[in-house]
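Student: Could we go through this fold together, one question at a time? I'd like to see how each answer is reached.

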Amino acid sequence: MNKIKVTAEINKPINEVWNTFNNPEHIVKWNFAHESWECPSAKNDLTVGGKLEVRMQAKDGSFGFDFVGIYDEVKENQSIQYHMEDGREVEIIFEKLSDDKTKVTENFDPENQNPLEFQKDGWQAILDNFKSYSESI
């Protein structure tokens, strides 16, 4: 199956975008697709073999899940590659467009339970939330 791609251009320098994307104190403030959801906890060992561990859940407690990624490659301010526990792969590319603008592209293997468009829309919504949060701080 082909990878799904989502992108966002953030009006911040690449080093700030990198930090906001990867620092757990920030991750909990943007890592959800809809305002009815939250990310109450995040841990991130941003090293090869390290783990990204986040909890995503509905604010009303009706549903939630743990998301875990294991890092395969980390190039500071450039790219991250990790795989999920089910083997699906994710690549995140950070591209400096100017001193104050950074493009973030995520390419990921889809799962086979939800329609592709639903998955793309969900990941794009999280990335859009990241953009809004990043530009607000």
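Student: Which residues make up the covered face of β1, and which the uncovered one?

Tutor: This is a predicted model, so everything here is read off computed coordinates. In β1, Lys5, Thr7 and Glu9 make up the uncovered face. The covered face consists of Ile4, Val6, Ala8 and Ile10.

Student: What is the bridge partner of valine 6 in β7?

Tutor: Start with the strands: β1 and β7 run antiparallel and are joined by seven bridges. Valine 6 takes part in this pairing, and its partner in β7 is glutamate 106.

Student: In what order do the seven strands of the open sheet come, and which are the edge strands?

Tutor: The order is β1-β7-β6-β5-β4-β3-β2, with antiparallel pairing. An edge strand pairs on one side only, and that picks out β1 (4–10) and β2. From one strand to the next, the twist averages 20°. So much for the layout; the edge strands you asked for are β1 and β2.

Student: Which residue in β5 stands opposite isoleucine 70?

Tutor: Look at β4 and β5 (residues 79–84), an antiparallel pair with six bridges. Across from isoleucine 70 you find histidine 83.

Student: What angle does helix α1 make with β6, and what angle does α3 make with β1?

Tutor: Helix α1 (residues 14–22) packs on the sheet and touches β1, β2, β4, β5, β6 and β7 (101–108). Its direction is at about 150° to that of β6. α3 lies across β1, β3, β4, β5, β6 and β7, and its angle to β1 is about 15°.

Student: Is serine 134 buried or exposed?

Tutor: Serine 134 is in helix α3 (residues 116–136). Setting aside neighbours within four places in sequence, serine 134 is in contact with Ile10, Lys12 and Thr20. Its relative accessibility is 2%, and the cut-off for that class is under 20%, so serine 134 is buried.

Student: And isoleucine 92, buried or exposed?

Tutor: Isoleucine 92 is part of strand β6 (residues 89–98). Not counting residues up to four places away in sequence, isoleucine 92 touches Phe21, Gln78, Ser79, Ile80, Tyr82, Val104, Thr105 and Glu106. With a relative accessible area of 2%, isoleucine 92 is buried.

Student: Which residues have the most contacts inside the largest nonpolar core, and what gives the most to that core?

Tutor: As background, nonpolar side chains tend to be buried together in soluble globular proteins. Here the largest nonpolar core has 31 residues, and Tyr82, Phe94 and Val104 have the most contacts inside it. Tyrosine 82 is also in contact with a list of residues beyond four places in sequence, including Phe67, Ile70, Ile92 and Trp123. As for what gives the most to the core, the answer is α3, with five residues.

Student: How many aromatic pairs are there, and why is the pair of tryptophan 37 and phenylalanine 63 edge-to-face?

Tutor: There are 12 aromatic pairs. The ring centres of tryptophan 37 and phenylalanine 63 are 6.0 Å apart, and because their planes sit at 65°, with over 60 as the cut-off, the pair is edge-to-face. This pair links distant parts of the chain, with tryptophan 37 in strand β2 (residues 37–44) and phenylalanine 63 in the loop between β3 (51–58) and β4 (64–75), 26 residues apart. To return to your two points, the count is 12 and the geometry is edge-to-face.

Methods:
Residues numbered from 1 in each chain as written. Predicted model: local features only at pLDDT ≥ 70, side-chain atom pairs only at ≥ 80, totals over all residues. Heavy atoms only, no water. Phe/Tyr/Trp six-rings, centres within 6.5 Å; stacked < 30°, edge-to-face > 60°. Helix = DSSP H or I, 4+ residues; strand = E, 2+ residues; numbered from the N terminus. Buried < 20%, exposed > 50% of the residue type's maximum accessible area, 1.4 Å probe, protein only. Contact = heavy atoms within 4.5 Å. Pairing = 2+ DSSP bridges. Axes fitted to C-alpha atoms, helices over the stretch in contact; angles between N-to-C directions. Core = buried A, V, L, I, M, F, W, Y, C linked by side-chain atoms within 4.5 Å.
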